[in-house]
Amino acid sequence: MDFTPTEEQRAARELAAEILDRSTEPWKALCEAGLVAAVEEIGLLGLVLLLEEAGRRTAEIPLAATCAYGLLPVAAHGTDEQRARLLPGLRDGSYTATGAFPHRSARAVASGDGWRLTGTFPVVPWLREATHVLVPADTGAGTDTVTRLFWLPVPAGAEPVDTTAPWAAARLVLDGTPAEPLGDASAYAEVLAQARTAFAGLQAGVCAGSLARAVAYTSVREQFGRPLSTNQGVLLRAADAHMDTEAIRVTAYEAAWRFDHHLPAASHALTAAWWASEGGKRVVHAGQHLHGGIGADLEHPVHRHFLWGRQLDAYLGGGAEVLAELGVLLGAPDTEEAV
């Protein structure tokens, strides 16, 4: 396995970094530069690289959600008509997407005029800013129950939900709401695994940014006449954070690489999610701790990394929940999943 980015992926990452550093409207600039549309060409690994740069800067853009729950699922699982109708808007930013993931309790029922969804999702990140939402819902009954994906415009009147992360979350209530199916019964597992990989990439960037700030601060902050970075305890804490960050990065790269090469990747996506959850939590705590008292300042940039790291930990499912899911998968008689 060679995770070395291609020339196109490196160019996309460098352009994204330049835009995120200089633009006052980064989402608009990314779309106008063709970087969102380019995700179809540079693949999931390319998206992970872009999200690393976004996470490093805690850039408040809907790149992860729109690509993981919109652009890539529609491109991979949409009909010819759906791709022709939806992809142009997702590429140029006129459409933004989010997902009510993972599946909880929604149900879909076929009616004479199509499918209708019923269910409640208490917190859906980015819902207030999205134009469309991807919803997993159960179809069938009993042993014939399967989870499928449904695509619909965000219903009017979504109730805002405040969280500690600036992700414009809202409560999604569906009551016989019309929706269109996206893909077959295998699409949900694939989209969930790819989304976990993408958000693990975002967490790798958040952690790298937190660690970079901690290193810069401890290199210049002096105590007892010498920089904090010369203290063994500080060095060890930073070294542990570096190892965790690299573990998040390499597992996300591997899962994305396997998806791009059409290899089984469900267990690899869960591994990346576990590292992003558990390792990410440790890194952002270390970043805040190494800043001493100013790390508790709500206005300090390192506090944004802390909040994002904790929110992504929860969003990915929490380490224990992800680990339990991975254990079930690895304990199954056949772990060569199609995903």
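This is a predicted model: local features need pLDDT of at least 70, side-chain atom pairs count only at pLDDT 80 or more; totals for chains, interfaces and linings use all residues.
Me: What makes Thr147 buried or exposed?

Reply: The relative accessible area of Thr147 is 18%. The limit for buried is under 20%, so Thr147 is buried. You will find Thr147 in strand 5 (residues 146-153). Apart from neighbours within four places in sequence, its contacts are His103, Pro136, Ala137, Asp138, Ala185 and Tyr188.

Me: How do you know that the side chains of Thr147 and Asp138 make a polar contact?

Reply: The two side chains come to 2.9 Å. A polar contact needs N or O atoms within 3.5 Å, one able to donate a hydrogen and the other to accept it, so this pair qualifies.

Me: Why is the pairing of Arg83 and Asp80 called a salt bridge?

Reply: Side chains of opposite charge can pair when their charged atoms come close. For Arg83 and Asp80 the N to O distance is 2.4 Å, and the cut-off is within 4 Å, so the name applies. Both residues lie in helix 5 (residues 80-92), 3 residues apart, about one turn of the helix.

Me: What makes Asp80 exposed while Arg83 is partly exposed?

Reply: Asp80 has a relative accessible area of 59%. Exposed means over 50%, so Asp80 belongs there. Arg83 has 26%, which lies between the limits of 20% and 50%, so Arg83 is partly exposed.

Me: How do you know that Arg85 and Glu81 form a salt bridge?

Reply: Their N to O distance is 2.7 Å, and a salt bridge asks for within 4 Å, so the pair passes. Arg85 and Glu81 are 4 residues apart in helix 5, about one helical turn.

Me: Why is Lys281 said to form a salt bridge with Glu278?

Reply: The closest N and O atoms are 3.5 Å apart. That is within the 4 Å cut-off, so Lys281 and Glu278 form a salt bridge. They sit 3 residues apart in helix 8 (residues 266-290), about one helical turn. Lys281 is partly exposed at 24%. Elsewhere, salt bridges that share partners join Asp21, Glu53, Arg56 and Arg57 into one network. The count for the structure comes to 16 salt bridges.

Me: What makes Cys67 and Cys207 buried or exposed?

Reply: Cys67 has a relative accessible area of 0%, and Cys207 has 0%. Buried means under 20%, so both cysteines are buried.

Me: Why is helix 4 (residues 63-77) called mostly covered?

Reply: Of its 15 residues, 13 are buried. Helix 4 reaches 19 Å from its first C-alpha to its last, close to the expected 21 Å.

Me: Which residues touch the most other members of the largest nonpolar core?

Reply: They are Leu47, Leu63, Tyr69 and Phe199, in a core of 87 residues. Helix 6 (residues 187-220) gives the most to this core, with 15 residues. Another core, of 18 residues, lies apart, and its members include Ala108, Val124, Ala130 and Leu174.

Me: How do you know that Trp126 and Ala168 are buried?

Reply: Trp126 has 8% relative accessibility and Ala168 has 13%. Both values are under 20%, so both residues count as buried. Trp126 sits in the loop between strand 3 (114-124) and strand 4 (132-139), with a positive phi near 70°. Ala168 is in the loop between strand 6 (159-160) and strand 7 (170-182), and its phi is positive too, about 45°.

How values were computed:
Residues are numbered from 1 along each chain as its sequence is written. Side-chain values use heavy atoms; hydrogens and water are left out. Helices (H or I, at least four residues) and strands (E, at least two) are DSSP runs, numbered from the N terminus. The expected span of a helix is 1.5 Å times one less than its number of residues. Buried means under 20% relative accessible area, exposed over 50%, partly exposed in between (1.4 Å probe, protein chains only). A salt bridge is a side-chain nitrogen of Lys or Arg within 4 Å of a carboxyl oxygen of Asp or Glu. Contact means heavy atoms within 4.5 Å. A nonpolar core is a set of buried Ala, Val, Leu, Ile, Met, Phe, Trp, Tyr and Cys residues joined through side-chain atoms within 4.5 Å.
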